[in-house]
Amino acid sequence: MEVGENTAAALEAATTFEELGLAPEILRALGDMGYSIPTPIQKQAIPLVLAGRDLMAQAQTGTGKTAAFALPLLQKMIPHANGSASPARHPVRALVLTPTRELAIQVHDSVVAYNKNLPLRSTVVFGGVDMKGQEADLRGGVEILVATPGRLLDHAGNKVAQLSQVQFLVLDEADRMLDMGFLPDLKRILNLLPTQRQTLLFSATFDDSIVGLARSFLRNPLKVEVARRNTAAELVEQVVHKVREDDKMDALLQVIKARGISQALVFTRTKIAADKLGRRLQKRGVQTGIIHGDKAQVERLAALDGFKQGKVQLLVATDIAARGIDIVELPCVFNFELPYAAEDYVHRIGRTGRAGSSGLAISLVSNEEERLLVAIRKFINRDLDEAPLPEIERPRPAAAAMPAALVEQPDAAQPDDAARPRMGRLRREPVCALLLPPIKPAQANQPA
Ligand code: AMP
């Protein structure tokens, strides 16, 4: 599984999208999106995919991996592009499987943008929403289908999704698909595809189960990687604050204020913790969205949309729900709770510092989480700086003179909080003090 010498030489030389041999229609779309230089994974993967090779690509999220597979696949499908109204002239040729609905939507948005000057059709199918609209799209014929495994199997079982002409299969975030127990579904889907096809597997981490998956589903794959094994995103500044469990929310608000953080994604381990933290933040006047697997799809999309538009300052998310979230220039990620699986830490911090911009990942770590921190340090093979909480520079009025609304009150809904001493630094802030300018929305991903 080595990158061939010829290809390696070719990609050494290629520094622009033109040099990668992409068609003018695709180049124009990339120009419109403001992409000028291919990212390292794009430089490596595009020539290999164009050459017809199966690929095992180790690329963290944020490296530009979507374009790394979507651009050459679009290019390869150009000979089949046609404006015919007949569904038969638009069979599914490229199938992209993703672990979550959010990632599926994200990938499809990118495909739509890259494809905007070509008459190739695409759609996205995922669970949790009515099947009818998806069925109409599939019956009309699409060359590119982005799907989550379960819903795809539903459509295939109903004979609505016909997969017998698939030439290209992409397994995106394959490690996560295995984590989420999709292996049986993947095997079922693979049985519906022609054996003669090109398969591309993308994964942030490569453990033995991923290598096993590649062995069974890929043919003589080349391996490309843009980061060392299990390396956390290099561009991301990673900070650890040791905080008592009960003081975490105050610490979160304190760091946000002291650092002037405009928006952040805040990770909890469980849906219950996400709901609880989200509600407490909302009570404190912070515009907070919550996304996790138990939220209805429309709620998740509304929260994500509000976040992208800058209306929501903090988006509290569980690991699985956060997969696929792509916000250009997301400045900061908080680990409100460290993940149990060290590799989830890599996924989480990959949400910031995307495609070359620097990012910040702040972990609030309690004594009880010390062993998780040790595991993460070992996994990413890197020391994580521990720092004291940053102080907020502001005059402190005497307690007697402080307006009642700004003095900390025991929270009736949180009896566990009322009983304990508070951190004493950040007290109830006026709402406006926490609403800082929003980040730019994800222009690159607006559908064309
Ligand atoms: P991905 O890793 O595919 O999720 O991409 C991360 C982000 O980088 C997305 O917002 C992409 O639109 C953006 N991106 C991908 N490739 C490039 C590029 N060559 N130049 C600038 N931005 C890019």
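**Before starting**

Residue numbers start from 1 along each chain as its sequence is written. In this predicted model, local features need pLDDT of at least 70 and side-chain atom pairs count only at pLDDT 80 or more, while totals for chains, interfaces and linings use all residues, and side-chain values use heavy atoms, with hydrogens and water left out.

**Whole chain**

Select the protein chain and colour it by secondary structure. It holds 18 helices and 14 strands; helices (H or I, at least four residues) and strands (E, at least two) are DSSP runs, numbered from the N terminus. Of the 448 residues, 56% count as buried, where buried means under 20% relative accessible area, exposed means over 50%, and partly exposed lies in between (1.4 Å probe, protein chains only). Among contacts in the chain with a separation of 6 or more, 77% are between residues 24 or more positions apart; a contact means heavy atoms within 4.5 Å.

**Stop 1**

A29 is buried, because its relative accessible area is 0%. Leaving aside neighbours within four places in sequence, A29 is in contact with A113, Y114, K116 and N117.

Then label G31, also placed in α2. G31 has a relative accessible area of 48%, so it is partly exposed. Draw a distance from the C-alpha atom of G31 to that of Y114: the two are 83 residues apart along the chain and separated by 9.9 Å.

**Stop 2: Q106 in helix α5**

Select residues 101–114, helix α5, and pick out Q106. Q106 counts as buried because its relative accessibility is 8%. V124 is 18 residues away along the chain, and the C-alpha atoms of Q106 and V124 are separated by 9.6 Å.

**Stop 3: the largest cavity**

Rolling a probe the size of a water molecule over the atoms shows where empty space is left. On a 1 Å grid over the protein atoms alone, a cavity is a set of points where a 1.4 Å probe fits but cannot get out, and lining residues have an atom within 4 Å of a point. Grid points are joined across faces, edges and corners, and a volume is the space filled by probe spheres set on the points.

The structure holds 3 cavities of 30 Å³ or more, and the largest has a volume of about 60 Å³. To see its lining, select F69, A70, L73, L74, M77, A94, V96, V111 and I144. Helix α4 (65–77) and strand β2 (94–97) each supply at least two of the lining residues, with α4 giving the most, 5 residues. By class, the lining has 9 nonpolar, no polar and no charged residues. Here Ala, Val, Leu, Ile, Met, Phe, Trp, Tyr, Cys and Pro count as nonpolar, Asp, Glu, Lys and Arg as charged, and the others, Gly among them, as polar.

**Stop 4: two residues with positive phi**

Select E173, in the loop between β5 (168–171) and α8 (174–179). E173 is not a glycine, yet has a positive phi of about 50°. Its relative accessible area is 4%, so E173 is buried.

Move to N220, in the loop between α10 (208–217) and β7 (222–225). N220 is not a glycine either, and has a positive phi of about 45°. N220 counts as exposed because its relative accessibility is 61%.

**Stop 5**

Select Y340, in the loop between β12 (332–335) and α15. Y340 counts as exposed, because its relative accessibility is 59%. R269 is 71 residues away from Y340 in sequence and 7.7 Å away in space, C-alpha to C-alpha. Not counting residues up to four places away in sequence, Y340 touches R269, R371 and L372.

**Stop 6: α15 against α16**

Select residues 342–349 (α15) and 370–380 (α16); the two helices pack at an angle of about 70°, with axes 8 Å apart. Axes are lines fitted to C-alpha atoms, for helices over the stretch in contact, and angles run from 0 to 180 degrees between N-to-C directions. α15 and α16 are therefore roughly perpendicular to each other; angles under 35 degrees count as roughly parallel, over 145 as roughly antiparallel, 65 to 115 as roughly perpendicular and the rest as oblique. Show side chains for the contact: A342, E343, Y345 and V346 of α15 with A375, I376, F379 and I380 of α16. This contact has 7 nonpolar, no polar and 1 charged residues.

Definitions and conventions: 1 Å grid on protein atoms, 1.4 Å probe; cavity = no way out; pocket = protein on both sides within 12 Å on 5 of 7 lines; lining within 4 Å.
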